[in-house]
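I opened a new notebook page for this structure.

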Amino acid sequence: FSTARQSLRIGLIPADGIGREVIPAAKRALEALGSDIPRLEFHELLAGFELFTRTGTALPDETVQILKTGCDAALFGAVSSPSRKVAGYSSPIVALRKELDLYANIRPVVSVGRNVGGKPVDLVVVRENTECLYVKQETIVRTESGREARATRLITERASRRIGKMAFDIALGRPRKQVTIIHKSNVLSITDGLFRETIRAVPDLPEVAGRYAGVALAEQIVDSAVYRLFREPEIYDVMVAPNLYGDILSDAAAALVGSLGLVPSINAGDEFVMGEPVHGSAPDIEGKGIANPLASMRSAALMLRHLGYENGASRIDKAVNEVIEEGSVLTPDLGGRSSTSEVVDAVLRRI
Ligand code: ATP
Ligand code: MG
């Protein structure tokens with residue numbers, strides 16, 4: 001991305017639940033940066049399950065069009081997912097990742113201060129964002145012995161290769177420079193086999209011209225990867241995984257650093273980037289004013305960093321880390337007694 005911009009046009013899609021409580025926090029963090037970033041232009045956009053129940057549409061065409069033609073980047077809140085199938089509804093975030101070809105979900109998990117397992121965590125989960133079981137091709141048929149449900153799991157060489165390159169590029173920018181492929185090819189030898197084999201071959205691709213020679217490559221079966229993540233998180237640097245394993249791994253890693261409310265992500269493609277806290281819509285705490293805004297604020301920082309505004313990004317990160325370390329203004333998920341807005345104010349003061 002080029003950083004020679006007059007203004008930065010950012011789509012804001014709070015969507016459902018606590019998404020509406022934490023996206024305004026990210027917006028205020030960006031606004032607090034002043035001249036470290038170009039002039040900001042925000043576009044408030046609609047999407048979500050609640051919108052669907054009111055209007056029959058979860059992702060209006062207008063939202064997609066404005067993102068594609070009038071925005072440089074976006075911030076997404078969360079969607080509530082109905083636990084049973086609702087006729088006509090499909091997740092707008094899954095659709096947006098497809099529409100904008102945001103093929104990588106990048107989730108840095110870093111411990112600050114005291115963390116649950118006692119050992120420091122500093123890793124990045126790089127999750128493939130477009131295929132695996134998320135192609136959502138499910139069928140159900142009645143058989144003599146009862147119903148039979150099937151799902152298609154798609155793994156392509158193209159998607160595995162580009163997520164692999166993304167993982168190697170991220171590793172190059174980190175001190176450890178190590179990529180661990182997460183898979184289950186002992187059981188799923190064809191699908192996970194292709195994922196593993198394609199990523200193993202990335203350093204030898206002619207177009208990368210030996211660029212990844214200094215990156216160490218490791219691999220781990222997904223179940224033992226989770227076990228070792230809890231026992232010895234320090235062995236991981238960049239973990240690259242197919243969509244579903246990446247989803248599960250990053251929630252597990254979030255538990256290690258204390259709360260889902262701390263873990264940011266970006267959905268990145270070659271043309272666009274969308275920040276999104278890793279947590280969901282958290283219906284159990286919605287509307288109570290106690291949602292942790294830090295994951296959302298950190299997502300804004302990640303988005304800026306990806307766009308090339310390192311100064312602005314690190315000012316947000318630093319302020320967030322100071323608030324966590326100082327420890328007196330924290331939301332209940334971190335054992336504190338403060339509200340969302342008190343935490344936001346504490347971060348803004350430090351920025
Ligand atoms: P969804 O279907 O939208 O993912 P969910 O029920 O899985 O909803 P999550 O948002 O994934 O809920 O959250 C899981 C748990 O973590 C909930 O108990 C929730 O309250 C808590 N949690 C998630 N995000 C935050 C946050 N930002 N601040 C405080 N607690 C959070
Ligand atoms: Mg969830």
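The model I am reading is predicted.

**Entry: Y236.** I found Y236 in the loop between α7 (222-231) and β10 (238-241). Leaving out residues up to four places away in sequence, Y236 touches L123, T180 and L229. I also checked V125: it is 111 residues from Y236 in sequence, yet 9.5 Å away in space, C-alpha to C-alpha.

**Entry: helix α1.** I read α1 as residues 19-31, 13 residues in all. From first C-alpha to last it reaches 18 Å, close to the 18 Å expected at 1.5 Å a residue. Its buried residues are G19, E21, V22, I23, A25, A26, K27, A29 and L30. What do they pack against? I listed strands β1 (7-15), β2 (39-44) and β3 (73-78), plus helices α9 (294-307), α10 (310-326) and α11 (340-350).

**Entry: the core.** The largest nonpolar core has 102 residues. Among those touching the most other members I noted M297 and A300. Helix α9 gives the largest share of this core, 9 residues. I then followed A300: beyond four places in sequence, it touches A26, A29, L30, L75, G275 and I316.

**Entry: ligand 1.** I counted 18 residues around ligand 1. The closest are G261, H279, G280, S281 and N292. By class, the shell has 8 nonpolar, 8 polar and 2 charged residues.

Terms used
Residues are numbered from 1 along each chain as its sequence is written. Chains are lettered from A and ligands numbered from 1 in the order in which they are written. This is a predicted model: local features need pLDDT of at least 70, side-chain atom pairs count only at pLDDT 80 or more; totals for chains, interfaces and linings use all residues. A residue is near a molecule or strand if its C-beta atom, placed from the backbone, lies within 6 Å of it. Ala, Val, Leu, Ile, Met, Phe, Trp, Tyr, Cys and Pro count as nonpolar, Asp, Glu, Lys and Arg as charged, and the others, Gly among them, as polar. Helices (H or I, at least four residues) and strands (E, at least two) are DSSP runs, numbered from the N terminus. The expected span of a helix is 1.5 Å times one less than its number of residues. A residue is buried if 20 or more other C-beta atoms lie within 10 Å of its own, exposed if 12 or fewer, and partly exposed in between; C-beta atoms are placed from the backbone. Two residues are in contact if their C-beta atoms, placed from the backbone, lie within 7 Å. A nonpolar core is a set of buried Ala, Val, Leu, Ile, Met, Phe, Trp, Tyr and Cys residues joined through C-beta atoms within 7 Å.
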